Amino acid sequence: MQAAKAIRAQLAERGCGPIRMVDLMAEAHPLLDALSRCFYRSSYRLFPGVYGWLYERTRLAAPGSALAAVLHAPGRRRLRQLLREERPDLVLHTFPLFPGPPAGSPDRPALTAAIVTDYDLHRRWVHPGIDRYYAASEEMKSELLAEGVPEERVCFAGIPVRPGFDARRRGSDRSALERRGFDPELPLVLLMGGGAGILGGLLPACGRLLAERPQVQLALVCGRNEAFARDARRRFAGRPDSGRLHVLGYVEELPELMLHAACLVTKPGGLTIAEGLAAGVPLVLYRPVPGQERRNAAYAARLGAAAVVRTPDALVEAVLKLLDDPERLKESARRTGALGRPDGAGRIADDLLQRLEGYTGKERPIRPSSVQGGTSDEGNTIAAALRS
């Protein structure tokens with residue numbers, strides 16, 4: 001969903017509107033949506049191998065196969081209803097669910113595009129109904145071309161991130177840390193458990209880092225997992241070094257924290273890696289589960305942008321190796337920053353509008369933005385944010 005929000009903001013800034021975001025699976029099949037989310041979350045703790053097996057089993061499915069037809073079937077009726085009601089110029093997918101009408105249908109919008117939100121090309125993303133692909137990496141662009149997608153339909157733009165994740169601002173104005181309650185003089189290690197806060201072993205790792213490096217502070221982001229945050233606070237209460245551990249819930253100022261962090265420890269979700277690369281922060285990717293996370297981690301490690309670890313002890317060793325070697329830390333930051341695409345959302349927005357209207361960014365906005373209070377009867381743009 002964050003990728004779609006980033007694009008929506010850029011489209012609105014360029015005067016495009018109104019824009020509607022739709023979680024198609026949730027609207028069309030709320031029970032199935034809830035069950036699939038529960039299965040995905042549970043796979044981390046209970047049966048990661050099952051999810052990984054399913055991912056790999058379907059990864060190379062041909063676009064025209066019976067399996068592909070089944071995978072893209074959910075939400076077809078709801079999407080076609082929306083297309084008839086909204087008459088959009090554009091449908092933009094950020095999840096590989098493509099139940100739209102075939103070419104030649106009167107309900108088909110002028111442009112149907114897809115933003116691949118992982119660094120691995122699962123073949124669910126390859127679909128004849130997509131007019132324009134936005135690839136997460138140059139490697140992925142080459143893979144799409146190898147799958148027979150015409151070159152004019154593929155653009156390497158990176159995974160879109162919110163404004164603020166920009167390595168060019170890295171390390172500037174550390175007084176911002178002080179305003180957030182951090183010590184601006186101490187290196188900051190940022191640890192993230194993802195939106196659900198599911199990263200077992202983080203708390204023992206935090207304990208070792210605090211004990212072994214008195215000159216380090218930690219920010220543990222627990223997302224919306226309040227139980228995990230309470231457990232963390234309870235476990236470290238009364239310790240003499242607890243003042244250097246900052247337990248946070250859901251944070252809006254994440255770009256600021258990444259830009260000032262010495263390194264980021266996180267699960268290897270596509271969007272989080274994209275944010276880290278854009279911010280130029282050295283990455284330690286922890287416990288990638290089989291499936292897209294393992295392949296995301298392999299991509300980042302192959303290009304020298306991340307260390308991949310699977311145990312709390314290995315996590316601590318990887319962080320200390322960075323902190324104890326300034327040159328290694330600097331080189332790691334350089335590698336991540338070189339791969340980052342902080343302007344990806346803007347590039348995608350410009351490309352979409354250019355294809356729809358011939359917009360180059362030099363003209364006046366093509367139509368008033370509803371976000372700014374304007375209205376339009378010339379057509380709509382609908383961003384279909386499908387669970388990214």
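Reader: What kind of model is it, and what pLDDT do local features need?
Author: It is a predicted model: local features need pLDDT of at least 70, side-chain atom pairs count only at pLDDT 80 or more, and totals for chains, interfaces and linings use all residues. Residues are numbered from 1 along each chain as its sequence is written, and side-chain values use heavy atoms, with hydrogens and water left out.

Reader: In what order do the six strands of the open sheet run?
Author: The order is S8-S7-S6-S9-S10-S11, with parallel pairing. Strands are DSSP runs of E, at least two residues; helices are runs of H or I, at least four; both are numbered from the N terminus. Two strands pair if DSSP finds at least two bridges between them.

Reader: Which are the edge strands?
Author: S8 (245-248) and S11 (306-309), each pairing on one side only. Neighbouring strands are turned by 15° against each other on average, direction ignored.

Reader: How many bridges join S7 and S8?
Author: Four, in the parallel sense; S7 covers residues 217-221. Leu-218 has Leu-245 in S8 as its bridge partner.

Reader: Which strands does H9 touch?
Author: Helix H9 (residues 202-212) touches S6 (188-192), S7, S8, S9 (263-266) and S10 (283-286). Contact means heavy atoms within 4.5 Å. The direction of H9 makes about 170° with that of S7. Axes are lines fitted to C-alpha atoms, for helices over the stretch in contact; angles run from 0 to 180 degrees between N-to-C directions.

Reader: New topic. Where is Arg-87?
Author: In the loop between H6 (76-86) and S2 (88-93). Most residues other than glycine have a negative phi.

Reader: What about phi of Arg-287?
Author: Also positive, near 50°. Arg-287 sits in the loop between S10 and H13 (292-302).

Reader: Is Thr-117 buried or exposed?
Author: Buried, at 12% relative accessibility. Buried means under 20% relative accessible area, exposed over 50%, partly exposed in between (1.4 Å probe, protein chains only). A polar atom of the Thr-117 side chain lies 3.4 Å from the backbone oxygen of Thr-94.

Reader: Last one. At what angle do H1 and H16 pack?
Author: About 60°, with axes 9 Å apart; H1 is residues 2-13 and H16 is 344-357. Among the contact residues are Ile-7 and Leu-11 of H1 and Ile-348 and Leu-353 of H16.

How values were computed: Polar contact = N/O pair within 3.5 Å; in protein donor to acceptor, adjacent residues only side chain to side chain.
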